[in-house]
Amino acid sequence: MAKKAKTEKATEKPVESLEKDLGRVPPGVSTEDTQRTPMALSEASQVEDRLKNDFRLFLFVIWQHIGLPDPTPLQYDLAHFMAHGPNKKCIEAFRGVGKSFIAAAYVLWRLWKDPQLKILVVSASKNRADNFTTFAMRLVNEVPILQHLKPRPEQRQSKIEFDVAPAIADQSPSVKSVGITGQLTGTRADIIISDDVEVLNNSATSDMREKLLERTREYSAILKPLPDAQIIYLGTPQTEDSIYAKIPETFTTRIWPARVPNSKQADTYGQHLAPYVSKMLGNKEAGVPTDPLRFDENDLIAREAEYGKAGFALQFMLNTQLSDLERFPLKVKDLIIMDTQVERAPMKVEWLPDPDRECRDLHNVGMAGDRMFYAAGYSSEWGDYTGSVLAIDPAGRGKDETGYAVVKMLNGQLFVRQCGGLQGGYDDQTLQRLALIAKEENVNKVVIEANFGDGMFTRLFTPVISKVHKVSIEEVKHSTQKERRIIDTLEPVMARHKLIIDKKVISDDWHSVQPYDSSTRISKMLVYQLTRITYDRGSLKHDDRLDALAMGVNYWTEQMSRDADRGIRESNQKALDAELKSFINSALGRKNYGPQHRTWMKR
């Protein structure tokens, strides 16, 4: 191990020196051999040796060929670790840094040096894996110094797999691409590149992440038992419970965040923070871009606004160490999940985080270890809801949804019958759908957020709902910070386990976001918003569904002081009083006894 570290250090050069070297790369490297003079050929031979010894120089040539700007110092640092780091490594770098492009160049660099290598590229999907192989194949066909690698007619050459010309006959192709859910067994490889196998689509829930991690464990069985065989993870964490935080300790992880971390953030990275970034800690102010040539301050500010603070922390700061879980105060374990009815509910519902009652049949996109549980039980006494409110958060701008929630109250408990989001804001289809929800749930109050459009939504919605369901409408305006208002409304109710969610709400929450683009799908889910909100302004990319829920809960907050047990006692006493009155009437032989009939006791 020490020997490898020594080799890495000996190979590394200062970036400034490397830039000077790159300036002396002769044109002959990137032009047709037929145009070289004998002197140029000799010079090209020397350059070829340098290219084979330093992957960064080879990367520069590939970048020039495909018309990209020169690699940045951070990209050079990442490329150097990819080529000269340990054989088992995990490279975590911020989204957009070009990991896959660098990996494609690395595959060709290794085959250029040793055409007998077998390389397997695994991606999140078959389409993405095929794109990797297609890109590599095009470079083989187009880059002059790689022309001798072009497959011969009898060799494999497709977007799934291809051979290089000097490769001897073998069952395995020189390069093969496969999706992580595809056929991994039966393949043998000298190098396995796991290229962004974790995406939102396959890592949203704990069960999905466990299955994904199990698939990656097959790499060791596929890898050839050779001392120089390699497994390289390339990735950007998609969840706080990322599989990249769970790879075996035999791997060396190196992390390149988009901003220079502060001292607290640096502690969470520990020894995994790239030395290139570590050197900036004392020399640069915390928060400045680590790669300003790729993303400058304005770029990062725009992306933080787009992804939200939680999403930016994951995909650009690569922070999966949630040692400060108190920042996320709302947890699904405090909810009660059960089937509910439209008109009636139990007077008291019991909460208990019993593993046997875990909602394993529902998609849980909450934090790692935060589980949902079904009701532990409920009273035999049932009653009609005290009331039912439909809360609406109209779409503001851009890709916002119109959030809605139907919240009903009984005996100090809140029952969430429906909660979701509708694409669009003021269109007839959205207004009609909300009116039908109000009718189906027999709501007696509609509460509408009036901050956007100065009451325009209410004016448009009133004539629509009046034709379907007679109900009073109330507008509310909020002047406090949204995140604080939502948390302060929901946290006390959830902490007392008084918020009961219909099972169908959780199920529909998952299915309703599937039509959206994969990059925004999970962030639109109610459960995701609930568990990722913090007191930080702009902590969520989308909050429409959660805001509607908070509005519905807030409507009933003032009436939630009644204790559930006291409510049952009052209900039982009322029933007893009715029985006693009935007994007295029967004993006196009176029918239709009431205040209008005078008895002998009053005469």
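In helix α7, the buried residues are Ala129, Asp130, Phe132, Thr133, Ala136, Met137, Leu139 and Val140. The model in which they are seen is a predicted one. An α-helix has 3.6 residues a turn, so residues three or four places apart point the same way. The elements that cover the buried residues of α7 include the helices α4 (55–65) and α6 (99–113), together with the strands β2 (119–123), β3, β4 and β5 (191–195). Helix α7 itself runs over residues 126–142, which gives 17 residues, and from its first C-alpha to its last it reaches 24 Å, close to the 24 Å expected at 1.5 Å a residue.

Two packed helices are described by the angle between their axes and the distance between the axes. Helix α16 (residues 482–495) packs against helix α19 (residues 544–557) at an angle of about 55°, and their axes lie 9 Å apart. That angle makes α16 oblique to α19, and the crossing of the two helices is left-handed. On the side of α16, the contact is made by Lys482, Arg485, Ile486, Thr489, Leu490 and Val493, while α19 contributes Leu546, Asp547, Leu549, Ala550, Val553, Asn554 and Thr557.

The side chain of Asp163 reaches the backbone nitrogen of Ser174 at 3.1 Å. Leaving aside residues up to four places away in sequence, Asp163 touches Leu149, Pro151, Gln155, Arg156, Ser172, Pro173 and Ser174.

Most residues other than glycine have a negative phi, and most peptide bonds are trans. Which phi do Asp196 and Leu318 have? Asp196 has a positive phi of about 50° although it is not a glycine, and Leu318, also not a glycine, has a positive phi of about 60°. Asp196 is found in the loop between β5 and α8 (200–203), whereas Leu318 is in the loop between α13 (297–315) and β8 (336–338).

| Residue | Relative accessible area | State |
|---|---|---|
| Asp196 | 13% | buried |
| Leu318 | 2% | buried |

Notes:
Residues are numbered from 1 along each chain as its sequence is written. This is a predicted model: local features need pLDDT of at least 70, side-chain atom pairs count only at pLDDT 80 or more; totals for chains, interfaces and linings use all residues. Side-chain values use heavy atoms; hydrogens and water are left out. A polar contact is a pair of N or O atoms within 3.5 Å; within protein, one must be able to donate a hydrogen and the other to accept it, and residues adjacent in sequence count only if both atoms are side-chain atoms. Contact means heavy atoms within 4.5 Å. Helices (H or I, at least four residues) and strands (E, at least two) are DSSP runs, numbered from the N terminus. The expected span of a helix is 1.5 Å times one less than its number of residues. Buried means under 20% relative accessible area, exposed over 50%, partly exposed in between (1.4 Å probe, protein chains only). Axes are lines fitted to C-alpha atoms, for helices over the stretch in contact, and angles run from 0 to 180 degrees between N-to-C directions. Angles under 35 degrees count as roughly parallel, over 145 as roughly antiparallel, 65 to 115 as roughly perpendicular and the rest as oblique. A crossing is left-handed if the near helix is turned anticlockwise from the far one by less than a right angle, and right-handed if clockwise.
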